[in-house]
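Here's a quick tour to follow while you turn the model around on your screen. Have the sequence open next to it.

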Amino acid sequence: MMTDYFADIPTIRFEGPETENELAYRFYDKDRLVLGKRMEDHLRFAACFWHTFCWPGSDVFGAGTFDRPWHRTANDSAAAAAKRAAAFDFFTRLDIPFYCFHDVDVMADAQGVAEHRRNFAEAVDDLERLQAGSGRKLLWGTANLFGNPRFAAGGATNPDPEVFAFGAMQVRDALEATHRLGGANYVLWGGREGYETLLNTDLKRELDNLGRFLNLVVEHKHKIGFDGTILIEPKPHEPTKHQYDFDTATVYGFLKRYGLENEVRVNIEANHATLAGHTFEHEIAMAGALGIFGSIDANRGDHQNGWDTDQFPNSVEELTLAMVEILRAGGFTTGGFNFDAKVRRQSMDPVDLFYGHIGGIDTVARGLLNAAALIEDGRIDGIRAERYAGWDGDFGQKIAALDLAGIADLAVSENLDPRPRSGRQERIENLINRFI
């Protein structure tokens with residue numbers, strides 16, 4: 001059944017900007033060298049299980065619109081196996097190196113600990129076989145501590161310690177599975193680690209429990225010898241009113257509070273940055289400045305909607321600015337670009353999954369090419385360096401060696417009367433537009 005689902009779709013190849021073939025890459029040439037590195041190695045693309053193969057096309061006002069074969073029956077072992085087979089067929093035809101999953105995405109439905117562990121173990125055995133047969137690799141794994149009703153009040157922050165323990169079981173097993181499958185990272189997304197109202201919330205207890213939980217995850221990572229990166233994915237709200245991982249700066253403060261700033265990095269999602277009132281490039285630049293840049297969930301939001309719409313990225317300008325910051329941060333090490341994006345409910349044909357991913361991949365690839373050209377041109381970085389040049393000069397060096405009183409005395413002795421200088425914003429914006 002699954003070998004037939006995408007049977008009409010060829011393997012997607014690079015054909016160049018002039019091609020009329022909509023099932024081909026126009027800009028993503030995986031072997032092209034950009035700043036001395038293969039494009040595939042710069043971008044490390046992944047597709048996700050949850051939006052692509054688990055979501056049936058439903059919303060709060062209507063049932064699913066997708067007629068996927070594995071959705072036609074209960075999600076038992078056979079249906080889960082069919083879904084996994086279709087997913088790896090898709091990853092292979094799309095010709096991207098990585099994929100991502102939550103535990104419940106890849107397994108049959110379960111009730112209770114024993115059945116959950118049995119069904120997940122069966123799924124991991126199959127994933128190992130599918131990886132070996134397809135050459136695809138795992139960018140990151142994670143456990144879903146938000147979907148089941150037991151997690152209505154959170155996982156690690158839940159007021160019920162039994163829920164905390166059930167979540168610990170899921171994370172332990174998912175982390176060990178990620179290690180076994182050669183995953184490059186492990187992600188924790190606190191979708192319900194927050195509150196709906198302070199009236200029934202013990203904020204300090206919840207934060208302390210979340211800090212302890214994350215420390216336990218890091219301890220277990222080292223215990224089992226997992227050398228990948230632990231990632232937290234910031235998001236300000238939705239589904240909860242307020243989430244404790246609001247944005248990158250908030251996450252860094254949390255990590256410092258619980259002694260984890262050298263152990264954990266961030267997985268930044270474009271749409272979550274929008275919900276936090278930031279730009280995508282701001283979150284990347286902040287992570288780079290704080291030394292916690294890890295990985296990316298690529299998507300976009302709709303500025304007319306106030307929730308996480310998870311659409312495929314299509315703004316070359318936005319991805320150019322994001323790629324400039326990624327390159328400034330040193331690029332990916334264990335991370336990559338995972339498409340945490342879904343086709344619209346009315347895009348219900350199998351080929352639509354390819355159109356969405358091809359467009360997103362080409363948009364990111366164009367962003368990389370533009371960003372590399374901007375960096376090689378050097379003018380924007382030159383303007384920025386000139387703006388801060390005083391800190392590298394004699395006066396800046398003097399300040400670096402003085403205390404507050406000494407700096408104040410220096411200002412008096414030099415009879416300072418500094419004048420404002422132009423930041424050249426419009427010139428920089430004009431330069432960027434020449435490369436897009």
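Let's start with two helices: the axes of H13 (residues 350-377) and H17 (residues 425-435) come within 9 Å and cross at roughly 125°. That makes H13 oblique to H17. This is a predicted model, so keep the ground rules in mind: local features need pLDDT of at least 70, side-chain atom pairs count only at pLDDT 80 or more, and totals for chains, interfaces and linings use all residues. Residues are numbered from 1 along each chain as its sequence is written, and side-chain values use heavy atoms, with hydrogens and water left out.

- Axes are lines fitted to C-alpha atoms, for helices over the stretch in contact, and angles run from 0 to 180 degrees between N-to-C directions.
- Angles under 35 degrees count as roughly parallel, over 145 as roughly antiparallel, 65 to 115 as roughly perpendicular, and the rest as oblique.
- H13 and H17 cross in a right-handed way (right-handed if the near helix is turned clockwise from the far one by less than a right angle, left-handed if anticlockwise).
- On the H13 side, the contact (heavy atoms within 4.5 Å) uses Asn370, Ala373, Leu374 and Asp377, while H17 brings Leu431, Ile432 and Phe435.
- Sorted by class, that contact has five nonpolar residues, one polar and one charged.
- For those classes, Ala, Val, Leu, Ile, Met, Phe, Trp, Tyr, Cys and Pro count as nonpolar, Asp, Glu, Lys and Arg as charged, and the others, Gly among them, as polar.

- The axes of H7 (residues 161-180) and H8 (residues 203-224) come within 11 Å and cross at roughly 30°, so H7 and H8 are roughly parallel to each other.
- H7 passes H8 in a right-handed crossing.
- Look for Phe164, Gly167, Ala168, Val171, Arg172, Leu175, Glu176 and His179 in H7, which meet Asn209, Arg212, Phe213, Val217, His220, Lys221 and Ile224 in H8.
- Seven nonpolar, four polar and four charged residues make up the contact of H7 with H8.
- For H11 (residues 280-290) and H12, the axes come within 8 Å and cross at roughly 5°, so this pair is roughly parallel too.
- H11 supplies Phe280, Glu281, Ile284 and Ala285 to the contact, and H12 supplies Glu318, Leu319, Leu321, Ala322, Glu325 and Ile326.
- The contact of H11 with H12 has seven nonpolar residues, no polar ones and three charged.

**Aromatic rings**

- The structure holds 29 aromatic pairs (rings of Phe, Tyr and Trp, using its six-membered ring, pair if their centres lie within 6.5 Å; planes under 30 degrees apart count as stacked, over 60 as edge-to-face and the rest as tilted).
- One of them is the tilted pair of Tyr195 and Tyr244, at 6.4 Å centre to centre with 55° between the planes.
- Tyr195 sits in strand E7 (residues 194-195) and Tyr244 in the loop between strand E9 (242-243) and helix H9 (248-257), so to speak distant parts of the chain, 49 residues apart.
- Both Tyr195 and Tyr244 are buried (under 20% relative accessible area; exposed is over 50%, and partly exposed is in between, with a 1.4 Å probe and protein chains only).
- Phe293 and Phe332 have ring centres 5.6 Å apart and planes at 25°, so this pair is stacked.
- Phe293 lies in strand E11 (residues 293-298) and Phe332 in the loop between helix H12 (316-328) and strand E12 (337-339), so the pair ties together parts that are 39 residues apart in sequence.
- Phe293 is buried, and Phe332 is buried as well.

**Leu214**

- You'll find Leu214 in helix H8.
- Is Leu214 buried or exposed? With 4% relative accessibility, Leu214 counts as buried.
- Beyond its neighbours within four places in sequence, Leu214 is in contact with Leu188, Ile230, Ile232, Phe254, Leu255, Leu260 and Val264.

- Glu238 and Pro239 are joined by a cis peptide bond, with omega about 25°.
- Leu35, which is not a glycine, has a positive phi near 50°, and its relative accessibility of 38% makes Leu35 partly exposed.
- Arg424 has a positive phi of about 60° without being a glycine, and Arg424 is found in the loop between helix H16 (404-413) and H17.

Methods
Helix = DSSP H or I, 4+ residues; strand = E, 2+ residues; numbered from the N terminus.
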